[in-house]
Amino acid sequence: MAGHDPLDPASAVRSVLDYRASLSGEVKGLRIGLIRHFYETDNPANQVTRQGIANAVKVFEDLGCSVRELRLSPLADWAACGIMIMLSESYAIHEATLRERFGDYGEAFRDRMALAALVTGADYIQATRLRRELVAELATAMSHLDLVITAAAPSEAPTFDAVSKFAIFERPSLTMPFNVTGSPAMSVCCGYTEGGLPLAFQLVGKPFDEATVLNAAHAYERATSWRSIRPALSPT
């Protein structure tokens, strides 16, 4: 996904770094912001997830990073902005085919797109305006930071039948803020539930600074045992 695409006018003209070469595992001195309110109040995570993130923060501090709390706009604002843009742009891509072959789409995607048909041009423009404000907010907040940490999900992965087709509207997504800003972000395992399902936090960097995100995740995995654990799979 890295590198310029001449067929995409929105693609950035940037040289591609050797990301593997930057995996030194040295993170001493990195400045990290912890967005705690995203997963404590805005979309409350379960206790085992919160503890996993707290333990991860301690690991980074032990590796020589400084961690301080960071507060941004409520998660609901980021989610509303991102969902409006996502629905509008997805519908624009699929509109013709939806009209001709509506029944050929999967139920969840099809019904979400049916809602997207009701979004107005004014709705989309207001969402893109809000996006510019949120991008600027995160850039300002990270002006003296190298990375941000927050939850990747409020819990371990749910079963398929526990997720409704409109789940994205029910609770604000913890990953949506960084879809809105286009920030490099990755999910990193920080433990397992008693049932053997993985827990995770997010590491988020500044635009085009994937190297720092990857190296921080690499350092964390070297300092913990989670990467070597393979959950037992049920024969069913």
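How many bridges pair strand β4 with β5, and in which sense? I looked it up: β4 (residues 185–192) and β5 pair over seven bridges in the antiparallel sense. Strands here are DSSP runs of E with at least two residues, and helices are runs of H or I with at least four, numbered from the N terminus. Two strands pair if DSSP finds at least two bridges between them.

A note on the source: this is a predicted model, where local features need pLDDT of at least 70, side-chain atom pairs count only at pLDDT 80 or more, and totals for chains, interfaces and linings use all residues. Residues are numbered from 1 along each chain as its sequence is written, and side-chain values use heavy atoms, leaving out hydrogens and water.

Entry on the partners of β5. I found V188 opposite F201 in β5. In the hairpin of β4 and β5, five residues lie between the strands, and G196 there has a positive phi near 90°. Strand β3 (residues 147–151) also runs antiparallel to β5, joined by five bridges. I149 stands opposite L203 in β5.

Entry on burial. Seven of the eight residues of β5 are buried (under 20% relative accessible area, with exposed over 50% and partly exposed in between; 1.4 Å probe, protein chains only). So β5 is largely enclosed by the rest of the structure.

Entry on the loop. F208 lies between β5 (198–205) and α8 (210–223). I noted its positive phi of about 65°, although F208 is not a glycine. F208 is partly exposed, at 43% relative accessible area.
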